[in-house]
Amino acid sequence: MDMRKLVGRNVQRIRQRKRLTQEQLAEISGFSQQYISGLEKGRRNPTIITIYELASALGVSHTDLVRPDKQA
């Protein structure tokens with residue numbers, strides 16, 4: 001299982017469910033839109049701190065970002 005892709009898919013799914021753009025998530029989280037884009041594509045290797053901060057910005061638990069999905 002590629003954790004980078006898993007986290008990226010989860011971030012994208014939750015962001016879209018909350019009707020946020022990448023730009024809006026970037027503003028809320030403090031990360032750049034380019035970072036969010038790369039993360040969602042599975043090209044970034046987020047640290048545990050990054051996962052926690054993104055989860056906080058999305059209003060979900062950090063475990064929601066690492067939970068396996070049906071595509072894993």
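Helix α2 (residues 22–29) and helix α3 (residues 33–40) have axes that come within 8 Å and cross at roughly 115°. That makes α2 roughly perpendicular to α3 (the label covers angles of 65 to 115 degrees). This is a predicted model, where local features need pLDDT of at least 70 and side-chain atom pairs count only at pLDDT 80 or more, while totals for chains, interfaces and linings use all residues. Residues are numbered from 1 along each chain as its sequence is written, and side-chain values use heavy atoms, with hydrogens and water left out.

**Where the helices meet**

- The crossing of α2 and α3 is right-handed.
- On the α2 side, the contact (heavy atoms within 4.5 Å) is made by Gln22, Glu23, Leu25, Ala26 and Ser29.
- On the α3 side, Gln33, Ile36, Ser37 and Glu40 make the contact.
- Sorted by class, the contact of α2 with α3 has three nonpolar, four polar and two charged residues.

**The aromatic pair**

- There's one aromatic pair here (ring centres within 6.5 Å).
- Phe31 and Tyr35 form that pair, and their rings are stacked (planes under 30 degrees apart), at 5.3 Å centre to centre with 25° between the planes.
- Phe31 counts as buried (under 20% relative accessible area) because its relative accessibility is 17%.
- Tyr35 is buried too, with a relative accessible area of 15%.

**A loop residue to look at**

- Arg19 lies in the loop between α1 (3–17) and α2.
- Most residues other than glycine have a negative phi.
- Arg19 isn't a glycine, yet its phi is positive, at about 55°.
- With a relative accessible area of 76%, Arg19 is exposed (over 50%).

Notes
Rings of Phe, Tyr and Trp (its six-membered ring) pair if their centres lie within 6.5 Å; planes under 30 degrees apart count as stacked, over 60 as edge-to-face and the rest as tilted. Buried means under 20% relative accessible area, exposed over 50%, partly exposed in between (1.4 Å probe, protein chains only). Axes are lines fitted to C-alpha atoms, for helices over the stretch in contact, and angles run from 0 to 180 degrees between N-to-C directions. Helices (H or I, at least four residues) and strands (E, at least two) are DSSP runs, numbered from the N terminus. Angles under 35 degrees count as roughly parallel, over 145 as roughly antiparallel, 65 to 115 as roughly perpendicular and the rest as oblique. A crossing is left-handed if the near helix is turned anticlockwise from the far one by less than a right angle, and right-handed if clockwise. Ala, Val, Leu, Ile, Met, Phe, Trp, Tyr, Cys and Pro count as nonpolar, Asp, Glu, Lys and Arg as charged, and the others, Gly among them, as polar.
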